[in-house]
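Look over the sequence and the model, then read on.

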Amino acid sequence: MNPFLILSLAIGAEITATLALKAADGLTKPGPTVLVALGYGTALWLMSTSMDMLPIGVVYAIWAGVGMVGAALGGALLFDEPVSPTMIVGIGVIAVGVAILASAQTSH
């Protein structure tokens with residue numbers, strides 16, 4: 001299986017878990033709390049699987065960058081958290097960095 005697809009699924013699970021963590025309200029709401037546990041468990045398993053095929057630095061950089069963007073956008077969409085122009089520039093910089101890392105890995 002494509003390691004970038006596995007990593008993408010891991011990141012999706014992590015973003016879902018992070019957004020559920022906010023919805024869990026201090027882990028006092030059972031539904032979101034279960035989603036937090038399942039999401040983070042799945043994310044870590046898939047991330048470790050992708051590390052069998054990709055360098056750890058590339059995996060972690062993509063994981064962190066895309067996870068931050070996803071959490072910021074998800075927070076804005078689901079919880080009406082503010083997104084300033086400066087944040088949008090930061091998200092763009094992260095996206096460019098992730099694209100550079102991914103392309104550098106596939107060129108080897």
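A polar contact is a pair of N or O atoms within 3.5 Å; within protein, one must be able to donate a hydrogen and the other to accept it, and residues adjacent in sequence count only if both atoms are side-chain atoms. This is a predicted model: local features need pLDDT of at least 70, side-chain atom pairs count only at pLDDT 80 or more, and totals for chains, interfaces and linings use all residues. Residues are numbered from 1 along each chain as its sequence is written, and side-chain values use heavy atoms, leaving out hydrogens and water.

**Helix α1**

- Helices are DSSP runs of H or I, at least four residues, numbered from the N terminus.
- At the start of α1, a side-chain oxygen of Asn2 comes within 2.6 Å of the backbone nitrogen of Phe4.
- Helix α1 covers residues 3-23.
- Just after α1, Asp25 has a positive phi of about 50°.

**Ser50**

- Ser50 lies in helix α2 (residues 30-50).
- Ser50 is buried, with a relative accessible area of 0%.
- Its side chain reaches the backbone oxygen of Met47 at 2.8 Å.
- Ser50 touches Pro3, Ile6, Leu7 and Val59 (heavy atoms within 4.5 Å), not counting residues up to four places away in sequence.

**Met1**

- Met1 sits in the segment before α1.
- Met1 is exposed (over 50%), with a relative accessible area of 73%.

Definitions and conventions
Helices (H or I, at least four residues) and strands (E, at least two) are DSSP runs, numbered from the N terminus. Buried means under 20% relative accessible area, exposed over 50%, partly exposed in between (1.4 Å probe, protein chains only). The expected span of a helix is 1.5 Å times one less than its number of residues.
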